[in-house]
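Trainee: Could you show me how to read a few features of a model, one at a time?
Mentor: Gladly; let us look at it together.

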Amino acid sequence: SSDPREWRLPLNWLSAALTPASLLPNTSGEHGEDLVRGVAAAGKESARDAGAVRWLGLLQELAGTDLSLLSPADVQVLAAAFDSRVFMPCLPSEAMAASLIDDVELGGAIRSAIAQMGRQPSLSEAAQMFASELASRAFPGYVRLVLMAALQGVGDAEGSPPPGSALGGRWDETFLRGIPTDRLSASDVAELLRTLAGGLPLPEGHSAPALRVASKLLLGSPRALAALAKSSVTTFVTADETVTTSATAGTGSSGSADESVMAEADGGVWTEFVALCLAALSGASGRSSNLASELKPLLELLRGLVSACGGELMDRVWYLLSELIGPAAAAAPTLKVRLLLEEELGQLPWHCVRVQSRDAEFTSALAALQPVLPVVGSLVVGRLDWGPYFEAVSEGTLEGSTLGPLLRSALEAHLSVSGALNSRAHFLIFGEVRGAADAAGEDDTTRAVDTRALRATHDAAWAKLPAISFARALDGGVLLRALLRAKGMSEPTERVLQAVRLLGRLATQLGTVEAAVVAVQESRALLFVALTPAPAAAAAATLSGLGVGAKGWHLSANAHLEIVSRVIVPLALSGTSERAVANGKNLTAESVLVQALVSCAFPSPALMAAEGALPFARGAPSEVPGPWDASPPRPPPSQPGGALNIHDGGAAERAERWLALVGKCAAFVTQGIAGGSATLALGVLRVVGSLRNERVATALMEAALQAFLSHKAIESLAEASTAGSLLAEPLAALQDKPLAADRLVLACVEGRAPLAFRLLMAHQAQLLPSLEAVRWLPLAIASVRAAARLSPPASRDFDVLPAWFAAVELILSDEWLVEYSAAQQATLAIAKHVHAAARLGDGGGGGLSAALFDTRSDASAGQSGGGGASAGLKLAARVLLAILSKATHDKSAGLHGGPSRPLVLLDGPAEARAHASALVKAGHSADAQFRSVPRAFFTALEAMLARPCTLAEWRAHVLATLFPMAVYLPRV
């Protein structure tokens, strides 16, 4: 034979000499009856004297030998001499079993022998027989010894048990075969669980048998299960991995989570079970590749315990999840582990958890679990009964600060899973009835809620939410990240709006800048964002409707407008209001609010797309599938070969709709800014210079100036301080960023933004005095020409007057050369434009008026906005034209002196006198439009026309008396 083992002399000749009796010399009879009697009389000492320790030593030596050098027949001859049935009678009775287990010599020899046999593949059957007979001996006295031996053998320093050995397989089935677990008491089970926990952790891949043993012990002991069901135990695992437990007897307990241990009503079973879980998971935490195999038997045992004990166990299961299982999953964030936990934990009755109404740390633990196990966290949030919790908060039993973490958890669950919350929980949290799509799978009984009672509870509880808890619960991306994790293809727009509305109400209710900031950031993050399908999903998905996941999704146009107009704009206004600023100035928060508000009017980049992770890629609206309004999208055409084309051919149409949407959002923003505070206005002016769209920038500047000037002028009146320009602060704010002034001026002209135009003129005027005349005149001419194109807005035509007066002031300057043809053309242009914009008739008198006004073009007249100019604007235009005519005439005659030189308008040329005469007649006219003009204007008019008055005097008189409602005009 080629097998070297068959060359040796067989050992069957040794079987007659090597017998159990020869190895245990003090025994007689077939199974050592004499020794049994001796042990019964003298106990452990007789066993030791009878050679039991020596016998175990020989057995251990045999097991430690390389038996692969012997044939299987020879191994059987040697193993027969160590028949465990002969040895078992050597052991003490049940009463003395505990002392034997702790005995260093005999007990240690038994453990070492079984451990060594269990690692020897050739002695696999002998090891299984020895262990099972020992476990059945004086039950349950020696079960603990068997477990200690098995754990010692598996965890041996030499490495994992070899394949084919008893401990290398499912030793939990063979070592404890046939033991009557139904006879175990609760304390027995607790002691055995403690033994198992003490032997962990085991080498990778070998913890499962130990956990299956725990399952067998727990689920097989009716008394242990009954003890668990009768007690209410809340278990925590602290940071130093010590287990603390609060236990109260009875199923109706309401013990708080921080109680100290008074009594172990379950015999310590749950405490030892938690310790076992802690030992198993702490050992597997560094072995992420194998955590799923470690977790599976543990989760199956947990599910079995809940099934056997009922929902009363779920409070303790929650703490096990939050304190042990969740952190273990966070340390090994693999897909396999997450899917296993979702499958196993999803079968538990989470609606039976009641501790949320007693434990102040419950919602914080739930929020911490959400990022680690989002599906499990959403499942727990959705299935819990939140009624008692909200009642506890509203009654003051729980602190309102616990609502912050719940808010975050609920938002993530609500947006990531359709119908995650039942109708009652949804109304308590959001204060709204669920949408039809979310309530589709709910029966009528569950769907019916008493909205009046729930509304009262909702309002009372959320009123207890502190602002700091609200701000800490959100980070500006909670809603968007929840959408990126969304499961299924349901349309989430309604859920998004419900979430945003809740944040808006809470932030408004809290009234702090910090609350407004986080709510605005969360809401703004959803705008102009498209969740596009990943390339693989796009090729396989049907892009025939809106949705998340493979279909891609974005908010509809109406949803955009609702978020901007009802949430972002109001919160930005309240967060930058004078009241909010008075409570404490937070420059960073104000800057965030302003940036968010401005970005709604001009998103940059124009559009962001995401495939499931931040940050987003930039893209154009035409590159995103689906329309940018609420109309149903058209099915996209297929590409050659059957692949779907996500660009449905309507790219230009989508881009046009997108631009219309941005324009509507910008309109809401500008309206909000115009009604905002001076703080908000200055914040807007600091950032508009960085916008790449001059049209939007000037619209925002105009709205900001309307708000700032109105506030500051009223404050000045209250303080009796009406001297000085109101443009100093806006100018300083505008200079925070480099300006493309020329393009902004043109945008002001096109957008009819006279106040912004005036601010830019003031900005440019700061540069003019330092320039030489050769450089000054071209810039001044350009400013006057631009003013000659500036038409007044229909609703606020008086706002154009400061810019017109500033243009006339440039013409009156000594540096303005009337003989220069470009200067002459600019003068004619402003005169003609003022006449046309004010809808004046023939100025009369010939000269300049006849040359200009009778030949004005329809286009120039049409720039004034359609309807006739106000009476105040007509009168102011007459004054300006009279001054312009007189100044031009005097400068042609060689008279200089600049804007400060007084002018007598009645001594001017014919056209100046004609305008002056028209002004005087207007004061005595029966025309209804002039009867509405404040009489203060006409009271001093005739005297001013007849006496020398400077341009500044006319400006102050005209702007202060004709437009008393615009108290800021004289100082602009």
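**Reading helices, burial and rings**

Mentor: Helices α28 and α31 are roughly parallel to each other (angles under 35 degrees count as roughly parallel, over 145 as roughly antiparallel, 65 to 115 as roughly perpendicular and the rest as oblique). This is a predicted model, where local features need pLDDT of at least 70 and side-chain atom pairs count only at pLDDT 80 or more, while totals for chains, interfaces and linings use all residues. Residues are numbered from 1 along each chain as its sequence is written, and side-chain values use heavy atoms, leaving out hydrogens and water.

Trainee: At roughly what angle do the axes of α28 and α31 cross?
Mentor: Two packed helices are described by the angle between their axes and the distance between the axes. Here the axes of α28 (residues 493-510) and α31 (residues 557-575) cross at roughly 10° and come within 10 Å. Axes are lines fitted to C-alpha atoms, for helices over the stretch in contact, with angles from 0 to 180 degrees between N-to-C directions. Helices are DSSP runs of H or I with at least four residues, numbered from the N terminus.

Trainee: Which residues of α28 and α31 meet?
Mentor: Contact means heavy atoms within 4.5 Å. On the α28 side, T493, L497, V500, R501, G504, A507 and T508 meet A559, E562, I563, V567 and L571 of α31. By class, this contact has seven nonpolar, three polar and two charged residues (Ala, Val, Leu, Ile, Met, Phe, Trp, Tyr, Cys and Pro count as nonpolar, Asp, Glu, Lys and Arg as charged, and the others, Gly among them, as polar).

Trainee: Is T493 buried or exposed?
Mentor: Buried means under 20% relative accessible area, exposed over 50%, partly exposed in between, with a 1.4 Å probe and protein chains only. T493 has 12%, so T493 is buried. Leaving aside residues up to four places away in sequence, T493 touches W553, L555 and A559.

Trainee: How many aromatic pairs does a search of the whole structure find?
Mentor: Rings of Phe, Tyr and Trp (its six-membered ring) pair if their centres lie within 6.5 Å; planes under 30 degrees apart count as stacked, over 60 as edge-to-face and the rest as tilted. The search finds 11 aromatic pairs. Y389 and F390 have ring centres 5.5 Å apart and planes at 90°, so that pair is edge-to-face. F798 and F963 form a tilted pair, with 5.5 Å between centres and 40° between planes. F798 lies in the loop between α40 and α41 and F963 in the segment after α50, so this pair ties together parts that are 165 residues apart in sequence.

How values were computed: Helices (H or I, at least four residues) and strands (E, at least two) are DSSP runs, numbered from the N terminus.
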